[in-house]
Amino acid sequence: MAKQNQTLGEFIIENQGEFKYSSGELSRLINSIRLAAKVVNHEVNKAGLVDILGAAGDTNIQGEDQQKLDVYANEAFIKTLTNREIVCGIASEEEDDFITIKGRNELNDNKYVVLIDPLDGSSNIDVNVSVGTIFSVYRRITPSGTPVTLEDFLQPGNRQVAAGYIVYGTSTMIVYTTGHGVNGFTLNPAIGTYYLSHPNMKFPETGSIYSVNEGNYVHFPQGVKDYIKYCQQEEEDRPYTSRYIGSLVSDFHRNMIKGGIYIYPNTSKNPDGKLRLLYECNPMAYIAEQAGGKASNGFKRILDIEPTELHQRVPFFCGSKRMVETAEEFMRKAEKGESN
C-alpha cells in the first residue's frame, strides 16, 4: 500500500513479498539501480558546465581522457551492478555483446540478468533537454552457477520480472514496475532520497497528444501517414497536439501522465525501425501495460515478439490504449490497400 512521504527504500522492502521469487535479490537489484542513477544524475546535472570549465578533452589523474556522458552512464551502471554481485549478466545498448559476471568463487548463483539503455536521448545533452535511463530485468533461463548465455537475454518481454526508467529532468524520477502496477519516485537532491510522488500511475484511456518525428513523414509507411492525417483533422476532439522531444523516456513519461501516443515506425531508411526491442521497447511496453496502456509494432503486441538478436530493432507504437488501437487500425487498412 502506497503511503505519503514513503521513500523508495521503504517501498521496496514493504512490497518485496509481491515478487514471485522473494529472495531479496530483486530488491537489492532495484536498490543498485537507484544508487547508480544518483551517480549518473550528478554528472547529468553538471554536463552544461563542460564547455565553460574546459573539462572536455582534459585528462584525469590516471592520464585517461575524460569520457562522454553516455559512456560514463554505461560504466556507472555496469560497475554498480557488477560490484554488488546481484546479477549474473548484463546487456547494454552501448556494448556489442553481453557481459558475464563471475561470483567470488568464479561461479555466480544469482538469478537475474539486466538489460539497460544507460542514457536514452543522449543527443539532447548538448541542448539541456531531459534524458533518461531504461532498464529491464529477467530471471535467467540457464542453470544457476553456470555462465550466462545469449539465451538468457533473448527472452520475450512477457517474461520480464521488472522494468523501469529514470528521467533526468527538472526533477529526477525513478518509475518502475515489478508486475504489480507502476509507481514513480522523485529525488530530493538536498538529502539524496527518492520519495513516492506518483503512486499507481495510469495511462488515460485516450489522450490528445501524438509524439512522432514528423520530419521523417515522407519515409513513413502509409498507415502512419494516414494516422497522422487523422490526428490533424478538425473534429470534435481533434486536432491532437504534436509533442516530440526526441528522448523516449521524456516523451513516454509525459504521455503516461497526460494521455498520448508515441510512434517510432519503420521507415524506408530504417525498414526494421530504429528503437531496440530489448533495451527500449520491451521495458517501456511492460510499463505501459502495467499502467493500463498498450504497446505494439503496429500489428502485434511488443511483449510477444521473440527476440533473435541482442540489438534487434522494431517499430514502436505505445501509449494510451484507444489511441494505439486506432493507429493499428490505420496500419491494417493500409496493408490491405484500404488507405485513405
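The lining of the second largest pocket draws on both domain 1 (8-200) and domain 2 (209-336), each of which supplies at least three residues; these domain bounds come from an automatic or database domain assignment. The structure is a predicted model, in which local features need pLDDT of at least 70 and side-chain atom pairs count only at pLDDT 80 or more, whereas totals for chains, interfaces and linings use all residues. Residues are numbered from 1 along each chain as its sequence is written, and side-chain values use heavy atoms, with hydrogens and water left out.

On a 1 Å grid over the protein atoms alone, a pocket is an open set of points with protein on both sides within 12 Å along at least five of seven lines, a cavity is a set where a 1.4 Å probe fits but cannot get out, and lining residues have an atom within 4 Å of a point. At least two lining residues come from each of β3 (112-120) and β11 (260-264), and β3 makes the largest contribution, 3 residues.

The structure also holds 1 cavity of 30 Å³ or more. The volume of the largest cavity is about 40 Å³, and its lining is formed by Val212, Asn213, Asn216, Phe220, Tyr244, Ile263, Tyr264, Pro265 and Thr267, of which 6 are nonpolar, 3 are polar and none is charged.

Technical notes. Points joined across faces, edges and corners; volume = space filled by probe spheres on them. Nonpolar A, V, L, I, M, F, W, Y, C, P; charged D, E, K, R; others polar. Helix = DSSP H or I, 4+ residues; strand = E, 2+ residues; numbered from the N terminus.
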